[in-house]
Amino acid sequence: MGVHQYFKSLSDLELIIRCPGKFKFQEHSVASHSFKVTKIAQFLGTVEEESGQNVNWKSLYEKALNHDYAELFTGDIKTPVKYASKELKKLFGEVEEEMTRSFIEKEFPTEFQAIYLERLKEGKDETLEGRILSVADKVDLLYESFGEIQKDNPEPLFIEIYEEALRTILIYQDMNCVEYFLKHILTDMLSERFTEHDELTGITVRIIEERGFNRH
């Protein structure tokens, strides 16, 4: 019992596969996703800082590293399912929060419980760091689905995931880092050659135009 169980659980995150039950050319674990989201958030935070924003790096790193720890208890829920309705999303959030709280209160010494209740709570809030996390999370999801589409995976779910991720990113188009991503990084992504290139480019342009983002 104790912090040992927390350290041990970190390896378990390597065994939780994202988007379970669907054929994938490349599997991604919750642990690898958390690492990638942190690296993406670091770059997005850098863009914001270079644009004059004051980034709380401690907060950003903690939010990004810990944002999916609760999936240790619930597993990964497919994105279209998890966000099917506001009520369902809220319910998933409440379950994850309660299970995380129970784990911390059971395993952590009293003097560290408040710290870890704060660190492991939902990090996607209205702070700059929370907004960066929301974008970074969807950027990695976009890349995971893009990798499957690029490899010609016939499963239509990955097109759905790509669309949902891009629509969510566009909610934050007022942010400097999202403008940079859309104008530079997404453009480079779509310039790569792959079988479904024209279809995916068409989907991307349509969604961006629906959201009113000016790419010029």
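Student: Which residues line the second largest pocket?
Tutor: Y6, L10, L13, A31, S34, F35, L65, N66 and Y69 line that pocket. Keep in mind that this is a predicted model.

Student: Which elements give two or more residues to that lining?
Tutor: Helix 1 (3–12), helix 2 (30–50) and helix 3 (57–66) do.

Student: And which gives the most?
Tutor: Helix 2, with 3 residues.

Student: What volume does the second largest pocket have?
Tutor: About 150 Å³.

Student: How does the lining split by class?
Tutor: The lining of this pocket has 7 nonpolar and 2 polar residues. Charged residues are absent from it.

Student: Switching to packing. How many residues are in the largest nonpolar core?
Tutor: There are 43. Inside that core, L142, Y162, L182 and L186 have the most contacts.

Student: Which helices supply at least two residues each?
Tutor: Helix 2 and helix 3 are on the list, along with helix 8 (128–150), helix 9 (157–171), helix 10 (176–191) and helix 11 (197–210).

Student: Where does the largest share come from?
Tutor: Helix 8, which supplies 10 residues of this core.

Student: Back to L142. What is L142 in contact with, leaving aside neighbours within four places in sequence?
Tutor: Y162, A165, L166, I169, F181, L186 and M189.

Student: What other core lies apart from the largest one?
Tutor: One of 10 residues, and Y6, L13, I104 and Y116 are among them. Y6 and L13 also line the second largest pocket.

Student: What tends to happen to nonpolar side chains in general?
Tutor: In soluble globular proteins, they tend to be buried together.

Conventions. Residues numbered from 1 in each chain as written. Predicted model: local features only at pLDDT ≥ 70, side-chain atom pairs only at ≥ 80, totals over all residues. Heavy atoms only, no water. 1 Å grid on protein atoms, 1.4 Å probe; cavity = no way out; pocket = protein on both sides within 12 Å on 5 of 7 lines; lining within 4 Å. Points joined across faces, edges and corners; volume = space filled by probe spheres on them. Helix = DSSP H or I, 4+ residues; strand = E, 2+ residues; numbered from the N terminus. Nonpolar A, V, L, I, M, F, W, Y, C, P; charged D, E, K, R; others polar. Core = buried A, V, L, I, M, F, W, Y, C linked by side-chain atoms within 4.5 Å. Buried < 20%, exposed > 50% of the residue type's maximum accessible area, 1.4 Å probe, protein only. Contact = heavy atoms within 4.5 Å.
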